[in-house]
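Please read them with the structure open.

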Amino acid sequence: MKKHILIFAALFSFGFASVQAQDKISKNKLSISAEQNSIEALLNSKNFEFIANTAYPTGGTSKNLVGSDYAIIFTPKMVKSHLPFYGRAYSGMNMSKDKGMRFNGKPQDFKIENSDKGYHVQTKVEDDNDTFSISISVSNSGYATLTISSNNRGTISYYGEIISAK
């Protein structure tokens, strides 16, 4: 009889643990789904900020930017970039007055594509001196890689995260 009670207790314990694990998986899926919806809504609003944590210049070593407040702000009417630039400048550009990858301009051809792995955002910004092509790959959790190509400088990428614009 004791043997039957022990077997029953063991089966009950395993069954209970399995139900708890299933509940935990379901809750994780719900939180991931809510997070994805939040990121998608943020991108579709075209009103968000990319906070840069690391810069990756073409052909150079990565630069830690954590805590330096480097960011690029996107709104439907304006893109305002305050990012550093490390890399190659092309001829005709006066580097003595270089202030980094800083520009303001109206976004053109703002496109957002959704995939299984996240989102891809593309836009173009023109200011008085240059044209900037901006590409952002955003994961479902909000971490992103931003790449900027310009007519006057080499391509540079930044790793960081997407947040709601202030």
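1. Charges over rings. Lys63 lies over the face of Tyr86, 5.4 Å from the ring centre. Arg153 is placed over the face of Phe85, at 5.1 Å from the ring centre. A charge is taken to sit over a ring if NZ of Lys or CZ of Arg is within 6 Å of the ring centre and within 35 degrees of the ring normal.

2. Basis of the values. This is a predicted model, in which local features need pLDDT of at least 70 and side-chain atom pairs count only at pLDDT 80 or more, while totals for chains, interfaces and linings use all residues. Residues are numbered from 1 along each chain as its sequence is written, and side-chain values use heavy atoms, with hydrogens and water left out.

3. Aromatic pairs. There are four aromatic pairs; rings of Phe, Tyr and Trp (its six-membered ring) pair if their centres lie within 6.5 Å, and planes under 30 degrees apart count as stacked, over 60 as edge-to-face and the rest as tilted. Phe74 and Phe110 are edge-to-face because their ring centres are 6.3 Å apart and their planes stand at 85°. Phe74 belongs to strand E3 (residues 71–74) and Phe110 to strand E6 (residues 107–115), so this pair ties together parts 36 residues apart in sequence. Strands (E, at least two residues) are DSSP runs, numbered from the N terminus. Phe74 is buried at 0% relative accessible area, and Phe110 is buried at 16%. Here buried means under 20% relative accessible area, exposed over 50%, and partly exposed in between (1.4 Å probe, protein chains only). Together with Phe48, Phe74 and Phe110 form one aromatic cluster.

4. A stacked pair. Phe103 and Phe132 are stacked, with 3.9 Å centre to centre and 10° between the planes. Phe103 is in strand E5 (residues 101–105) and Phe132 in strand E8 (residues 131–139), so the pair ties together parts 29 residues apart in sequence. Both Phe103 and Phe132 are buried.

5. Thr123. A polar atom of the Thr123 side chain lies 2.9 Å from the backbone oxygen of Gln108. Beyond neighbours within four places in sequence, Thr123 is in contact (heavy atoms within 4.5 Å) with residues including Phe74, Phe110 and Phe132.

6. Nonpolar core. The largest nonpolar core has 30 residues, and those with the most contacts inside it are Ile134, Ile136, Leu146 and Tyr158. Such a core is a set of buried Ala, Val, Leu, Ile, Met, Phe, Trp, Tyr and Cys residues joined through side-chain atoms within 4.5 Å. Leaving out residues up to four places away in sequence, Leu146 touches Ile134, Ile136 and Tyr158, among others including Phe50, Ile72 and Phe74. In soluble globular proteins, nonpolar side chains tend to be buried together.

7. Tyr143. This residue lies in strand E9 (residues 143–150) and is partly exposed, at 40% relative accessibility. Tyr143 and Glu161 are 18 residues apart in sequence, yet their C-alpha atoms are 4.2 Å apart. Not counting residues up to four places away, Tyr143 touches Ser137, Val138, Tyr159, Gly160 and Glu161.

8. Thr61. Thr61 is in the loop between strand E1 (48–57) and strand E2 (63–64), and is exposed, with a relative accessible area of 58%. The C-alpha atoms of Thr61 and Gly87 are 10.0 Å apart, and 26 residues separate the two along the chain.

Terms used
Helices (H or I, at least four residues) and strands (E, at least two) are DSSP runs, numbered from the N terminus. A polar contact is a pair of N or O atoms within 3.5 Å; within protein, one must be able to donate a hydrogen and the other to accept it, and residues adjacent in sequence count only if both atoms are side-chain atoms.
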